[in-house]
Number of protein chains: 2
Amino acid sequence: MYVQQIRDGAIKPKTKSRIARNGASTALLDAKWGVGQPTCIRAMNMAIEKARKNGVGSVGIYNCNHIGRLGDYVMMAVERNMIGIVFANSDPSVAPFGGMSRVLGANPMSFGIPAGKEKPVIVDFASSVTAEGKIRAAFLKGKSVPENWILDSEGRPTTNPGDFYGPPYPPHGVNVIGAQLPAGGHKGFALGMIVDILGGALTGSGCGSDMKVGNGVFVQAIDVKRFVPIGKFRSTVDKLIREIKTSPKAEGVTEILVPGEPEFRAREERIKSGIAIPDAIWSGIIDVAAKLKVDLDRIIANPEP
Amino acid sequence: MYVQQIRDGAIKPKTKSRIARNGASTALLDAKWGVGQPTCIRAMNMAIEKARKNGVGSVGIYNCNHIGRLGDYVMMAVERNMIGIVFANSDPSVAPFGGMSRVLGANPMSFGIPAGKEKPVIVDFASSVTAEGKIRAAFLKGKSVPENWILDSEGRPTTNPGDFYGPPYPPHGVNVIGAQLPAGGHKGFALGMIVDILGGALTGSGCGSDMKVGNGVFVQAIDVKRFVPIGKFRSTVDKLIREIKTSPKAEGVTEILVPGEPEFRAREERIKSGIAIPDAIWSGIIDVAAKLKVDLDRIIANPEP
């Protein structure tokens, strides 16, 4: 997707973001359609710096390409003893509660919380029932998806992810023709609107159908020690995590997982054993490498960046 | 509930809050167990003042009694062309995702967004499937509640709100012995943890089982004009609301409602026609008035405060 967007001129890989507005606890970045990730790293670093000085820092980004996984940015705040928050709106793919066509983006939100001896709490989820990536993974594996995840292009419920995409179909491109459903009915819909407004209206990126590509991004860092000593905060969070994990389990449940725990475990496992890549994605990577005359074998043999 | 808490000494009605810490964009209030509502009004006014100076203001409250409806405080920010946010944790009543006993509070969150010609967007919901007040209303009316709302004291699913409460039972007191379930499964659970940590750990109020009474409160105001002109923001929000309301409706749905719309309509209707009070609550009010030698008939005839 990124390579195609660079070839199309949608991502301008050599462009750097510009500070459009700057205040004591706020700033606005114009990403100028460069690569999304370094701009969001810059935004979170600015938010952290403002939070260090004034207790809270909030930074918006517009003209911004896809920023990838939100949890990575809130971790930057967590590593500096701060609470990190990222909201990102995106092009329409989710129906409102009571609706049947896509109006809001998947509009993910992320919160990162420093703990003590326990792992940080990392919340990172779409306001839709599921992330689009999981629908795409099912499509690429030829599997169906659970009920209440998606509607087809006519607004009818379906479990076939093939009804959700139009040509050129993944892995050649993501062309959504159906709609996702909001998580938890009206509550996920409400959160999706808030993410659309903070990411889109507050930053000037645009909301709803005006959001065509990339993400409208709102990041925030809150310096814990402006409220309570960090040691007290860490021990309170640890105690809460342990209360949750040791509380009685529902029938058939062997362990209660706190937000971020599955991802930290997957990370450890993948550092040890490598990352499994679905065949369809791997053949897509081989195609792209061949088109760009990139020697994949050499890179795999010597993977340093 | 409030009268009983005043008689028990839990609410100290003449006590005023104290500023425990104060910074450029942050503050911490010690509510000293006074009445919750005026303290939260003070906190939001401080957040608004800090946002006016620095773009964002965040204020925490500890030793705080119940603050009531969160949506009222975010409206204070909305009326000043700001985004308002309130998170409030409370005593345990919700099971974690995969659990069967209460560990987290209902932990509501509220966001208020200024619009232009449309009504403001007011999100105000518990991280549980439903607010405790709706379970209590069903109990007082002798009705059952939908499946997936509550568990009994042994962690078994039930639709009888009588399994959720112990003596002295509403309207004489709220003694939760069962557990509520989180909204949207793991997503509502994750949000509930974030509210517990921002309202409880960041403010020193306490989390989980350390949260015995009242609310741990985190409020924030964000000054829109530090990011984009308020007129542009208002028209973007209006456009989004109209796109949502005019989008195709699911089968059987006559209107898509945006967050806050049902409450604004109820408000208009009740200003016109009065507020219906369930018999059990009304007889509770008569009992309390008699005990306190309050002349209810005189107050009803002359309702000015």
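## About the model

Residues are numbered from 1 along each chain as its sequence is written, chains are lettered from A in the order in which they are written, and side-chain values use heavy atoms, leaving out hydrogens and water. Because the model is predicted, local features need pLDDT of at least 70 and side-chain atom pairs count only at pLDDT 80 or more, while totals for chains, interfaces and linings use all residues.

## Where the two chains meet

Let's start with the interface. The size of an interface is often given as the accessible area lost when the parts come together. Lys187(B), Leu202(B) and Phe227(B) supply 12% of the area that chain B buries against chain A, more than any other three residues.

The rule also finds 20 residue pairs in polar contact across the interface, both residues being at pLDDT 80 or more. A polar contact is a pair of N or O atoms within 3.5 Å; within protein, one must be able to donate a hydrogen and the other to accept it, and residues adjacent in sequence count only if both atoms are side-chain atoms. Helices (H or I, at least four residues) and strands (E, at least two) are DSSP runs, numbered from the N terminus.

## A closer look at Asp210(B)

How many salt bridges are there between chain B and chain A? The count is two, a salt bridge being a side-chain nitrogen of Lys or Arg within 4 Å of a carboxyl oxygen of Asp or Glu. Asp210(B) forms one with Lys239(A), and their closest N and O atoms are 2.8 Å apart.

Asp210(B) sits in the loop between α5 and β10 of chain B. This residue counts as partly exposed because its relative accessibility is 38%; buried means under 20% relative accessible area, exposed over 50%, and partly exposed in between (1.4 Å probe, protein chains only). Leaving out residues up to four places away in sequence, Asp210(B) touches Lys239(A) and Ser205(B).

## A helix in chain A

Helix α8 of chain A covers residues 279-291. Just after α8(A), Lys293(A) takes a positive phi of about 55°.

Technical notes. Buried area is the accessible area (1.4 Å probe) that two parts lose on being put together, summed over both. The expected span of a helix is 1.5 Å times one less than its number of residues. Contact means heavy atoms within 4.5 Å.
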